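Hello,

Here is the structure I promised to pass on.

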Amino acid sequence: MPSYDALMRIGAAARNGGDLANAVGVYRRASEVDPLNPAPLVAAGDVLLEMGSVNEAIVAYNNALLRGGENPPALLGLAKAYLKSGKPALAHEPLSKAYALNPDDPKVLLLLGVTKDLSGEHQEAQAWYRRGLELAPGDSALTVDLALSLALSGDYPRAITMLQPIAIGPRGSAQERQTLALIYGLRGNAVEAARLNRIDLDDASAEHNLAYYATLRALPPEARNRAILSSGGKS
């Protein structure tokens, strides 16, 4: 059998090449070679989460934590898995431990914000995002999630002011533009939402999104926010 280091390299290469199922298998073999090392289990959990196998990822992260309870990557991975499972309350414990270990880690602060947004506590979420941006000015994920959180709480002007320079800038990503389009759509500005959509999407997809925004606007606020967050609107 290849060495532990060789297996970890093979697993990383498989993951980078898009062969996620093989990557998980290789990382599990690496864990058999070095059973006390949490790293291959964390790596397997990350790939499983990427595959959408949330429950298997939770098992992998918990097994990693049994091998080293103060393992920030495992704690963050477990929190992400709980958030993806729609159970933000369960993310509180691993995030509290991660925060105690690294209170100035922007990734921890981001996930604390996401947890609060998923719990409907948007003001608290925004405080966490802003704290993260103090430590990592211009961070894309924090900026996008803060803008979306502002929109969820009805503050569309500030949401747009925050996200627009980044989304339409030379380094703006499709995700940033689509989030900005969503915010314009929620505000009722279909013209600007359509313009942004068509930068990255074909006409049929853009029209589909516009219809979706109209459906969201017709929902009560709580149901609208739940639909946006459950569809992956958060990081």
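First, the ground rules. This is a predicted model, in which local features need pLDDT of at least 70 and side-chain atom pairs count only at pLDDT 80 or more, while totals for chains, interfaces and linings use all residues. Residues are numbered from 1 along each chain as its sequence is written, and side-chain values use heavy atoms, with hydrogens and water left out.

Helix 4 and helix 5

Helix 4 covers residues 54-66. Helix 5 covers residues 72-84. (Helices are DSSP runs of H or I with at least four residues, numbered from the N terminus.) The two pack at about 155 degrees, with axes 9 Å apart. (Axes are lines fitted to C-alpha atoms over the stretch in contact; angles run from 0 to 180 degrees between N-to-C directions.) Helix 4 and helix 5 are therefore roughly antiparallel. (Over 145 degrees counts as roughly antiparallel, under 35 as roughly parallel, 65 to 115 as roughly perpendicular, and the rest as oblique.) Their crossing is left-handed. (That is, the near helix is turned anticlockwise from the far one by less than a right angle.)

On the helix 4 side, the contact uses Val-54, Ile-58, Tyr-61, Asn-62, Ala-64 and Leu-65. Helix 5 supplies Ala-74, Leu-75, Gly-77, Leu-78, Ala-81, Tyr-82 and Lys-84. (Contact means heavy atoms within 4.5 Å.) By class, that is ten nonpolar residues, two polar and one charged. (Ala, Val, Leu, Ile, Met, Phe, Trp, Tyr, Cys and Pro count as nonpolar; Asp, Glu, Lys and Arg as charged; the others, Gly among them, as polar.)

Helix 11 and helix 12

Helix 11 (residues 174-187) and helix 12 (residues 190-200) have axes that come within 8 Å and cross at roughly 160 degrees. That makes helix 11 roughly antiparallel to helix 12. The crossing is left-handed. Helix 11 contributes Ala-174, Arg-177, Gln-178, Leu-180, Ala-181, Tyr-184 and Gly-185 to the contact. From helix 12 come Glu-192, Ala-193, Leu-196, Asn-197, Ile-199 and Asp-200. Seven of the contact residues are nonpolar, three polar and three charged.

Helix 7 and helix 9

Helix 7 (residues 106-118) packs on helix 9 (residues 140-152) at about 20 degrees, with the axes 10 Å apart. Helix 7 is therefore roughly parallel to helix 9. The crossing is left-handed. Pro-106, Leu-110, Val-114 and Asp-117 of helix 7 meet Ala-141, Leu-142, Asp-145 and Ser-149 of helix 9. Five of these residues are nonpolar, one is polar and two are charged.

Single residues

Is Leu-75 buried or exposed? Leu-75 is buried, at 2% relative accessibility. (Buried means under 20% relative accessible area, exposed over 50%, partly exposed in between; 1.4 Å probe, protein chains only.) Leu-75 and Ile-168 are 93 residues apart in sequence, and their C-alpha atoms are 34 Å apart.

Asn-225 sits in helix 14 (residues 221-230). Asn-225 is buried as well, at 10%. Its side chain makes a polar contact of 3.4 Å with that of His-122. (A polar contact is a pair of N or O atoms within 3.5 Å; within protein, one must be able to donate a hydrogen and the other to accept it, and residues adjacent in sequence count only if both atoms are side-chain atoms.) Beyond four places in sequence, Asn-225 is in contact with His-122 and Leu-152.

Met-1 precedes helix 1 (4-16). Met-1 is exposed, at 69%. Not counting residues up to four places away, Met-1 touches Leu-7 and Val-33.

Best wishes
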